[in-house]
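Here is a model to talk through, feature by feature.

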Amino acid sequence: MIQYIWAVKIFLIPVSIWDLWVALSVMFLCLSIIPAISLTDLVIRGQLIVLLLAPYYDNSLMLISLSTLIWAVNFLLPAIIGAFLLLNFRLKQ
């Protein structure tokens, strides 16, 4: 939740903390119910955030960018770092 709040402030999206908290809670509930692999999770997460925050902010591209940023920080960045560490470990052996 804190990552989303920071990202909303970085992107200057005018959504109150309370509305964001409620929308994110519903999004996390839906994400836990909907089965998805990690690559389709980005698409599902983006559609859910647009659906839930559209009444408060009408720029869908900015909301998808928000979701993509959070996904990249939480999934893509650790995967890239892990791949480099594993490659470095394998080259040493």
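Predicted model: local features only at pLDDT ≥ 70, side-chain atom pairs only at ≥ 80, totals over all residues.

Q: How do I read a helix pair, and at what angle do α1 and α2 pack?
A: Start with the elements: helices (H or I, at least four residues) and strands (E, at least two) are DSSP runs, numbered from the N terminus. Axes are lines fitted to C-alpha atoms, for helices over the stretch in contact, and angles between N-to-C directions run from 0 to 180 degrees. Here α1 covers residues 2–10 and α2 residues 17–33; they pack at about 130°, with axes 11 Å apart. Angles under 35 degrees count as roughly parallel, over 145 as roughly antiparallel, 65 to 115 as roughly perpendicular and the rest as oblique. So α1 and α2 are oblique to each other.

Q: Which hand does the crossing of α1 and α2 have, and which residues make the contact?
A: A crossing is left-handed if the near helix is turned anticlockwise from the far one by less than a right angle, and right-handed if clockwise. The α1 and α2 crossing is right-handed. Contact means heavy atoms within 4.5 Å; on the α1 side that brings in Tyr-4, Ile-5, Val-8 and Lys-9, and on the α2 side Ile-17, Leu-20, Leu-24, Met-27 and Phe-28.

Q: How do the residues of the contact of α1 with α2 divide by class?
A: Ala, Val, Leu, Ile, Met, Phe, Trp, Tyr, Cys and Pro count as nonpolar, Asp, Glu, Lys and Arg as charged, and the others, Gly among them, as polar. The contact of α1 with α2 has 8 nonpolar, no polar and 1 charged.

Q: What about α2 with α3: where do their axes cross, and what is the class make-up?
A: The axes of α2 and α3 come within 10 Å and cross at roughly 145°, and this crossing is right-handed. From α2 the contact includes Leu-20, Leu-24, Met-27 and Phe-28, and from α3 it includes Asp-41, Arg-45, Ile-49 and Leu-53. By class, the contact of α2 with α3 has 13 nonpolar, no polar and 2 charged residues.

Q: And at what angle do α3 and α4 pack?
A: Helix α3 (residues 38–53) and helix α4 (residues 60–92) pack at about 140°, with their axes 9 Å apart. That makes α3 oblique to α4. Again, α3 passes α4 in a right-handed crossing. Among the contact residues are Asp-41, Arg-45 and Ile-49 of α3, and Leu-63, Leu-66, Ser-67 and Trp-71 of α4. The contact of α3 with α4 has 9 nonpolar, 5 polar and 2 charged residues.

Q: How do I read a nonpolar core, and which residues of the largest one touch the most other members?
A: In soluble globular proteins, nonpolar side chains tend to be buried together. Buried means under 20% relative accessible area, exposed over 50%, partly exposed in between (1.4 Å probe, protein chains only). A nonpolar core is a set of buried Ala, Val, Leu, Ile, Met, Phe, Trp, Tyr and Cys residues joined through side-chain atoms within 4.5 Å. The largest one has 18 residues, and Tyr-4, Ile-13, Met-27, Ile-49, Leu-53, Leu-63 and Leu-66 touch the most other members. Each of α1, α2, α3 and α4 supplies at least two residues of this core, with α2 giving the most, 5 residues.

Q: What does Leu-66 touch?
A: Leaving out residues up to four places away in sequence, Leu-66 touches Tyr-4, Ala-7, Val-8, Phe-11, Ile-13 and Ile-49.

Q: Is Arg-45 buried or exposed?
A: Arg-45, in helix α3, is buried, at a relative accessible area of 16%. With residues up to four places away in sequence not counted, Arg-45 touches Tyr-4, Met-27, Phe-28, Leu-31 and Ser-67.

Q: Is Asp-41 buried or exposed?
A: Asp-41 is also found in helix α3 and counts as buried at 18% relative accessibility. Its contacts, not counting residues up to four places away in sequence, are Leu-31, Ala-36 and Trp-71.

Q: What is the phi of Leu-12?
A: Most residues other than glycine have a negative phi. Leu-12 has a positive phi of about 55° although it is not a glycine. Leu-12 is found in the loop between α1 and α2, and is exposed, with a relative accessible area of 69%.

Technical notes:
Residues numbered from 1 in each chain as written. Heavy atoms only, no water.
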